Amino acid sequence: MTDKPYNANSMVAAEFEALLAAAVDAICVIDETGSIMELNAAGERLFGYSRDELRGENVSRLMPEPDRSRHDGYIRHFLTSGERRIIGLGREVRGQRRDGSTFPLHLSVGETPESLKHRRFVGIMRDLTEQKKVEAEARQVQDRLAHVARFSVMGEMAAGLAHEVNQPLSAIVTYAQAGKRLLTGAREVPDDLTEVCEKISEQAQRAGQVIKNLRSFVTKQEVRKDILDMNRTVAEIKTLIDADARAEGILVTLVDEDDLPPVLGDAVQLQQVVVNLTRNAVDAMKRGLRKEEGIEIRTFSRDGKVHLTVTDQGYGVPPQLADSIFHPFVTTKGEGLGVGLAISRTIVLAHGGELSYRPNPAGGSIFGFWLPAHEAQTNE
Ligand SMILES: Nc1ncnc2c1ncn2[C@@H]1O[C@H](COP(=O)(O)OP(=O)(O)OP(=O)(O)O)[C@@H](O)[C@H]1O
Ligand SMILES: [Mg+2]
């Protein structure tokens with residue numbers, strides 16, 4: 001050791017000061033009566049008070065009711081019973097700023113050892129406002145996407161059903177008409193029978209018409225035509241995509257070209273397409289060995305078209321399936337419905353673009369679509 005006198009207490013105090021000042025989280029020290037002894041700079045910013053204003057004040061000033069009136073009781077309860085409700089656990093609570101506004105915060109509390117004569121509690125607080133906002137936004141996007149998905153699935157099913165049912169209906173019409181012809185000229189035919197055949201034919205034709213209308217309603221559904229920046233449209237759902245991929249330990253990189261021309265369309269529907277493609281990419285990679293390669297979403301413009309590709313290094317599409325994966329209800333997944341790509345293709349076509357697949361030379365798949373770039377209208 002050095003021969004200089006060493007003062008452990010002043011060392012600790014100086015380090016403690018530095019710690020308080022450097023902490024990004026708000027830190028508040030109180031005594032066993034709840035009086036504030038210290039508040040760091042982050043705490044001053046968070047609550048809008050200066051530390052001098054708060055020194056000696058009861059910490060309950062920093063919380064709204066009902067905690068405000070109950071806080072002294074919480075401390076007393078802990079000191080007499082030793083029961084930990086927040087100490088060492090951390091919890092989400094509400095804080096109250098100087099201007100009276102309240103906000104969500106994460107609070108964890110530490111205590112000085114019981115052996116010390118004067119007990120102290122240290123509260124570490126982190127503002128959760130931003131995190132809550134992001135979570136709420138992600139939930140909203142998810143709700144909107146779920147709605148589009150349900151609607152599009154209905155459309156796909158209706159179109160599929162129409163296709164299937166139309167054939168037997170035409171057959172019924174043909175048979176009914178043939179029956180009527182056979183009855184003409186036959187002897188002792190009850191009058192009603194010809195009429196019944198006529199009715200069968202009429203009703204079958206009517207059912208066919210209903211289905212035809214349904215099909216055209218589904219396929220001609222108007223899409224919104226907002227002027228969209230694809231980069232922004234994708235950025236809005238990046239959190240959602242990341243959450244999906246991160247759950248499988250996969251990183252998603254967005255490579256977005258600057259100065260992308262705008263496109264005309266419905267942002268939510270196009271976001272649905274990107275989510276569908278990325279979910280498939282995650283599915284294809286999650287059990288693979290090349291997860292660290294990640295997924296790339298890339299935007300670029302070429303020849304008056306705005307392109308978006310989703311590249312993965314997963315198991316790839318078996319060549320014999322390459323043509324059918326865009327058809328509804330084609331799936332190789334136990335839990336899949338097989339509608340993701342069909343819906344996506346319907347959406348992209350309705351936007352005047354094309355959705356396609358090609359194998360990734362590095363292994364895996366590249367799914368991509370293009371949309372016509374929107375030329376700004378000039379009135380000259
Ligand atoms: N990136 C990909 N890599 C490998 N195969 C893929 C990829 N994307 C799609 N496929 C294949 O195409 C099939 C159809 O995909 P689609 O998204 O339409 O349905 P799904 O993912 O099986 O179910 P869901 O309705 O939940 O989307 C998948 O089951 C899979 O076999
Ligand atoms: Mg899918």
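P66 sits in the loop between α3 (51-54) and α4 (67-81). Helices here are DSSP runs of H or I of at least four residues, strands are E runs of at least two, and both are numbered from the N terminus. The peptide bond from E65 to P66 is cis, with omega near 5°. Most residues other than glycine have a negative phi, and most peptide bonds are trans. The model is predicted: local features need pLDDT of at least 70, side-chain atom pairs count only at pLDDT 80 or more, and totals for chains, interfaces and linings use all residues. Residues are numbered from 1 along each chain as its sequence is written, while chains are lettered from A and ligands numbered from 1 in the order in which they are written.

D259 has a positive phi of about 55° although it is not a glycine. This residue, D259, is placed in the loop between β7 (252-256) and β8 (263-265). D259 is exposed because 6 other C-beta atoms lie within 10 Å. The cut-offs are these: a residue is buried if 20 or more other C-beta atoms lie within 10 Å of its own, exposed if 12 or fewer, and partly exposed in between, with C-beta atoms placed from the backbone. For D303, phi is near 50°, a positive value in a residue other than glycine. D303 belongs to the loop between β9 and β10. Since it has 7 C-beta neighbours inside 10 Å, D303 counts as exposed.

The packing of two helices was examined next. Two packed helices are described by the angle between their axes and the distance between the axes. The axes of α9 (residues 267-285) and α10 (residues 340-350) come within 9 Å and cross at roughly 145°. Axes are lines fitted to C-alpha atoms, for helices over the stretch in contact, and angles run from 0 to 180 degrees between N-to-C directions. The crossing of α9 and α10 is left-handed, a term for a near helix turned anticlockwise from the far one by less than a right angle. On the α9 side, Q269, L270, Q272, V273, N276, L277, R279 and N280 take part; they meet G340, L341, I343, S344, I347 and V348 in α10. Contact means that the C-beta atoms of two residues, placed from the backbone, lie within 7 Å. By class, the contact of α9 with α10 has seven nonpolar, six polar and one charged residues. In this scheme Ala, Val, Leu, Ile, Met, Phe, Trp, Tyr, Cys and Pro count as nonpolar, Asp, Glu, Lys and Arg as charged, and the others, Gly among them, as polar.

α9, α10 and β12 (365-372) each supply at least two residues of its shell. With four residues, α9 gives the most. Of the 23 residues around ligand 1, N280, T331, G336, G340 and L341 come nearest. A residue is near a molecule if its C-beta atom, placed from the backbone, lies within 6 Å of it. The shell has eleven nonpolar, ten polar and two charged residues.

In soluble globular proteins, nonpolar side chains tend to be buried together. The largest nonpolar core has 34 residues, of which V273, V274, I295 and F369 touch the most other members. Such a core is a set of buried Ala, Val, Leu, Ile, Met, Phe, Trp, Tyr and Cys residues joined through C-beta atoms within 7 Å. α7 (230-235), α8 (238-246), α9, β9 (295-302), β10 (305-311), α10 and β12 each supply at least two residues of this core. Helix α9 gives the most to this core, with eight residues. Another core, of 19 residues, lies apart from it; its members include I30, L54, L105 and V109. Leaving aside neighbours within four places in sequence, V273 is in contact with S344, I347, V348 and F369.

Strand residues complete the picture. D256 is in strand β7 and R298 in strand β9. Their C-alpha atoms are separated by 5.6 Å, although the residues are 42 apart along the chain. D256 is partly exposed, with 16 other C-beta atoms within 10 Å. R298 counts as partly exposed, with 17 C-beta neighbours inside 10 Å. Not counting residues up to four places away in sequence, D256 touches N231 and T299, and R298 touches V255 and T309.
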